[in-house]
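Here is a protein to look at, with some questions to go with it. Each answer sets a value against a rule and then concludes.

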Amino acid sequence: MRAVRYDAFRTPPRVEQVEDPACPPRGAVIEVHATGVCRSDWHAWQGHDDSVSLPHTPGHEFAGVVREVAPEVTRFRVGDRVTAPFILSCGRCAQCRAGATQVCPDQHQPGFDLPGSYAEQVVVIEADHNLVALPDGIDMLAAAGLGCRFGTAFHAVRTQARVRDGECVVVLGCGGVGLSVVQIATAAGARVLAVDVSPGALEAARALGAEPVPTSPDEPADDLVERLLAASGGADVTIDALGSARTASAGIRALRPRGRHVQVGLLLGEDADPALPMGRVIGLELQVLGSHGLAAGEYRELLEEIGDGRLDPAAHLGSIIGLEDLPEALVGLGGAPTSAGMTVARIS
């Protein structure tokens, strides 16, 4: 099959012929029809994730058709339209039995410790636990984002933040996850303030129902927080969809008493262990919550809301490219976004 590979971190990836993957026990091989291009793939290529072994094929959000299943698999068969969360769980531990597959201690991730979906085929382990059947009405290009950014946003808004009708939600960062958060929070009946440095991202957020709050890298954090407090009266929920010390701290400081801050964006490098206003957390009884992916069991509700029109992952589609364009797209993730919306590669 064709796949994108790199032999060393930060060296040019390329499309090459590699061996077809073998189907593992209890697993499945998926023919990839579409895969998303996510900044997490860029971080893996940069060497920021110590689970990656070289040579490596990136990619962790995809949709496709079952090509092969192991004899032990009972819930899926060849030809089924499927996706999968980017966190593949073991299906047997205490967390999995409790339905919290997104925090399985024995998890594996395509595009990180497993070969990824920038390829014509990808393996899903423990297929009965991790594969998700896709209704015929959901397009493969839109469905690719359900494995990571749209699914991650759904879990952050609905499960972790528990956003309710009439609440005020501040979204910090309007990339793929942030725009998905905007749509899902708006659909829940929230008033949404969207913060970003990019006019294009803010316009996309406005189109999804948010009130844009422009900022710049040079704006003092205190000034941004003051503007957010003035605009919201203190947010019920803040969601950091970017991932930086500045946005994490600003999110906490922009909350009303007993508000909830949800950290979705990864904190890396110098921001990995940020100083946060914990005195404010104590004094105002704030909640600071992590959010990591989407549990396999949450897809039923997500797909129902897509099916009845309350949510539309297709609204986040941006550039549509081919497999041969993926190396350049991956490298380009290190720069400023050239357009709002999700870049998706059509594989087959």
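This is a predicted model: local features need pLDDT of at least 70, side-chain atom pairs count only at pLDDT 80 or more; totals for chains, interfaces and linings use all residues.

Q: How do you know whether the size of the protein agrees with a compact globule?
A: With 348 residues, a compact globule would have a radius near 20 Å. The protein has 20 Å, so the two agree. Along its principal axes, the C-alpha trace spans about 60 × 40 × 35 Å.

Q: What share of the residues is buried?
A: Buried means under 20% relative accessible area. By that cut-off, buried residues make up 55% of the 348. The protein exposes about 14,500 Å², and carbon and sulfur atoms supply 51% of that area.

Q: What do the contacts say about residues at least 24 apart in sequence?
A: Take the contacts between residues at least 6 apart in sequence. Of these, 72% join residues at least 24 apart.

Q: How many charged side chains are there, positive and negative?
A: There are 28 positive and 44 negative side chains. The centres of the two sets lie 5 Å apart.

Q: Why are the buried residues of α11 said to line one face of the helix?
A: Helix α11 covers residues 299-307, and its buried residues are Tyr-299, Leu-302, Leu-303, Glu-305 and Ile-306. Seen down the helix axis, they fall within an arc of 160 degrees, so they line one face. The face turned away from them carries the exposed residues Arg-300 and Gly-307.

Q: What do the buried residues of α11 pack against, and what follows the helix?
A: They pack against β5 (81-83), β7 (132-133) and α5 (149-160). Gly-309 follows α11, with a positive phi near 90 degrees.

Q: What makes the buried residues of α7 a single face?
A: In α7 (residues 199-207), Ala-201, Leu-202 and Ala-205 are buried. Down the axis they fall within an arc of 100 degrees, so they line one face of the helix. Pro-199 and Ala-207 are exposed on the other side. The buried residues pack against α6 (176-187), β9 (191-196) and β10 (211-214). Just after α7, Gly-209 takes a positive phi of about 105 degrees.

Q: Why is α1 called mostly covered?
A: Count its residues. Six of the eight in α1 (residues 39-46) are buried. They are Asp-41, Trp-42, His-43, Ala-44, Trp-45 and Gln-46. These buried residues pack against β3 (28-36) and α12 (326-332).

Q: Is Ala-241 called buried or exposed, and how do you know?
A: The cut-off for buried is under 20%. Ala-241 has a relative accessible area of 15%, so Ala-241 is buried. Its place is in the loop between β11 (235-240) and α9 (245-253). Not counting residues up to four places away in sequence, Ala-241 touches Leu-172, Gly-173, Val-177, Gly-178, Val-264 and Gly-265.

Q: What makes phi worth a look in Arg-10 and Arg-162?
A: Most residues other than glycine have a negative phi. Phi of Arg-10 is near 65 degrees, a positive value. Phi of Arg-162 is near 55 degrees, also positive.

Q: Where is the cis peptide bond between Leu-54 and Pro-55, and what is its omega?
A: Most peptide bonds are trans. The bond joining Leu-54 and Pro-55 is cis, with omega about -5 degrees. Pro-55 is found in the loop between α1 and β4 (62-69).

Q: Which residues does Arg-158 contact?
A: Arg-158 lies in helix α5. Leaving aside neighbours within four places in sequence, Arg-158 is in contact with Ile-184, Ala-187, Ala-188, Glu-301 and Glu-305.

Terms used:
Residues are numbered from 1 along each chain as its sequence is written. Side-chain values use heavy atoms; hydrogens and water are left out. The radius of gyration is taken over C-alpha atoms; the globule rule is 2.2 Å times the number of residues to the power 0.38. Buried means under 20% relative accessible area, exposed over 50%, partly exposed in between (1.4 Å probe, protein chains only). Contact means heavy atoms within 4.5 Å. Accessible areas come from the Shrake-Rupley method with a 1.4 Å probe; for residues, only the protein chains shown count as cover. Lys and Arg count as positive and Asp and Glu as negative; His and the chain ends are not counted. The place of a charge is taken as NZ of Lys, CZ of Arg, CG of Asp or CD of Glu. Helices (H or I, at least four residues) and strands (E, at least two) are DSSP runs, numbered from the N terminus. The arc is that of the directions from the helix axis to the C-beta atoms.
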